[in-house]
Amino acid sequence: MKIAVAKGDGIGPEIMDAVLRIFEANNTPLEYEFVDMGKWVFDKGFNNGMTPEAKMSIETLGLLFKGPMETPKGKGVKSINVTARKTWNTFANKRAFQTLHGVDTVFSKAGIPIDITVVRENIEDTYGGIEHMLTHDVALSRRFITRPGSMQVIRYAFEMARQKNAKRITCGHKANIMKITDGLFLECFYEVAKEFPELKADDIIVDDLCMKLVTRPDTFDVVVLTNLQGDIVSDLCAGLVGGLGFAPSANIGDHISIFEAVHGTAPDIAGKNIANPTALLLSGIAMLRHVGLTENAAIIENALLYTLESGVRTGDFGDRNKPAVNTTEFAEAIIANFGKKPEQGAKEIIANKPGTPAPFKLEQNSMMVSKEGEKEVITGVDMFIESDEQPHVIAHKCQRHAGVKFSLVNISNRGTQVWPTGSVYTNLVNQYNVRFESLDGSALSQQDIIGLYVSLSGNFKICSLELLNMWGEKKGYSLAQGQ
Ligand code: NAI
């Protein structure tokens, strides 16, 4: 089997060489196609950080094993890591955090075992990076949570939990505040949960989750979250088991998957051959299992765990009274321990499965649309306008534009209602949301909205607008605080 390998920047080449040396010594049946990605590719003028040849190889092979990469700052280019995950729809980011014998943490010292797998949605949320300045003072970020995107990652999390023989799967969210976006994610979670009756499915508000993870980490098993919350929670979990040097990551898609360490390029120690290759090696081991090389994976993982248990360490962890080894020596110590089993957490050796099929070649983009339930009706519009006037003045002007079809129902500023009721103690910024609804509750057309837009633009700069949609009794919009 052939996979694409990008060594990355900073410590990337050092730790990747160490991991590939371990694979080679283990006779792992993999061939590598080295592809050009990373900072030096940006510097050559490729704005997505990869050459067209690299893109073609990855799309043909379906598997990328990558070292950490640096995205040049201040050049307006987007993160290569995020671009890669999004372009190839690696919708689930799986990070497994386990107590590693030999890596001391407060929990290992207290005898509290940790085995948590975090599945983070990897494409949507604020990571679309769709941001605008509405006025010179007001920035807006759009947060996309979609039903098909949520279903895809949540279904993966449940299937993975079933395979892992997990007892519990928990959805972390903030649906008490973001009722529409996180509410949709949570709704999808319980929809998928019905297909997995053997798993205890529950949910928890993300702040409470963080508190419980640091007080009772042993009570969690699989946790699934939206992108940004998942990003934060997975770094928190990395801290529970000894830091970023021990955090592997798999970006799973239907066609292409990317395996990488969670940490970055560590420019402060790059080129010194002292970096810890464990996180990348654990990611590589997960990749071997993903492609059915279960025997190779188990032998290497057992050797790694045995090495950690015996106190061999790079400078970033372990008993400071013992001398540290460098990256190459750490890899050689693991190779010397092939065939040995650790006292704790030994992996069962399961014979490799015969070759996995080549990735399915796509001819066009897949469209993911779920079945629409009730008919959609436009019942109003939110106009985001720029103004530094007082709310009652704005209301007076807006009412003149409402005409025979619309009624002005609410004005809010930063999400807090300031008209028809409000408080003079609410501080204002120069951007309001004025909400118009259909006067008699009847359906509106796009032309009605454009008519209002043209009229209102005589008085205000309209920065943005959103339709107020309804599906049956279900409102497709939130109410302002106080509305
Ligand atoms: P970082 O993870 O590179 O470094 C944070 C600290 O952890 C540093 O003190 C570093 O020496 C240490 N560290 C990280 N990995 C280590 C290892 N394997 N062994 C020993 N010590 C290790 O994070 P930072 O400094 O915020 O980012 C540096 C660069 O990496 C940035 O350009 C960032 O964009 C990029 N980055 C790339 C990622 C990726 O390719 N997936 C992920 C995160 C950051």
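With the side chain of which residue does the side chain of Gln-417 make a polar contact of 2.8 Å?

Modeller: The partner is Asn-410, whose side chain lies 2.8 Å from that of Gln-417 in a polar contact, a term for a pair of N or O atoms within 3.5 Å, of which, within protein, one must be able to donate a hydrogen and the other to accept it, while residues adjacent in sequence count only if both atoms are side-chain atoms. This is a predicted model, in which local features need pLDDT of at least 70 and side-chain atom pairs count only at pLDDT 80 or more, whereas totals for chains, interfaces and linings use all residues. Residues are numbered from 1 along each chain as its sequence is written, and side-chain values use heavy atoms, with hydrogens and water left out.

Gln-417 itself belongs to strand 15, residues 416–419, where strands (E, at least two residues) and helices (H or I, at least four) are DSSP runs numbered from the N terminus. Its side chain also joins that of Thr-421 in a polar contact of 2.9 Å. With a relative accessible area of 8%, Gln-417 is buried, on a scale where buried means under 20%, exposed over 50% and partly exposed in between, with a 1.4 Å probe and protein chains only.

The side chain of Thr-135 makes a polar contact of 2.8 Å with the side chain of Asn-430.

Oxygen atoms of the ligand lie 2.7 Å from a polar backbone atom of Ala-266, 2.8 Å from a polar side-chain atom of Asp-268 and 3.0 Å from a polar side-chain atom of Asn-81. The protein covers 67% of the 810 Å² of accessible area that the ligand has on its own, as computed by the Shrake-Rupley method with a 1.4 Å probe.

Among the aromatic residues, the whole structure holds 7 aromatic pairs, counted where ring centres of Phe, Tyr or Trp (its six-membered ring) lie within 6.5 Å, with planes under 30 degrees apart called stacked, over 60 edge-to-face and the rest tilted. One of them is the tilted pair of Tyr-32 and Phe-34, 6.1 Å from centre to centre with 55 degrees between the planes; Tyr-32 is partly exposed at 23% relative accessible area, as is Phe-34 at 46%. Phe-158 and Phe-189 also form a tilted pair, at 5.2 Å and 45 degrees, and this pair links distant parts of the chain, 31 residues apart, from helix 6 (residues 147–163) to helix 7 (residues 181–193). Phe-158 is buried, with 0% relative accessibility, and Phe-189 is buried at 0% too. Together with Tyr-190 and Phe-196, Phe-158 and Phe-189 form one aromatic cluster.
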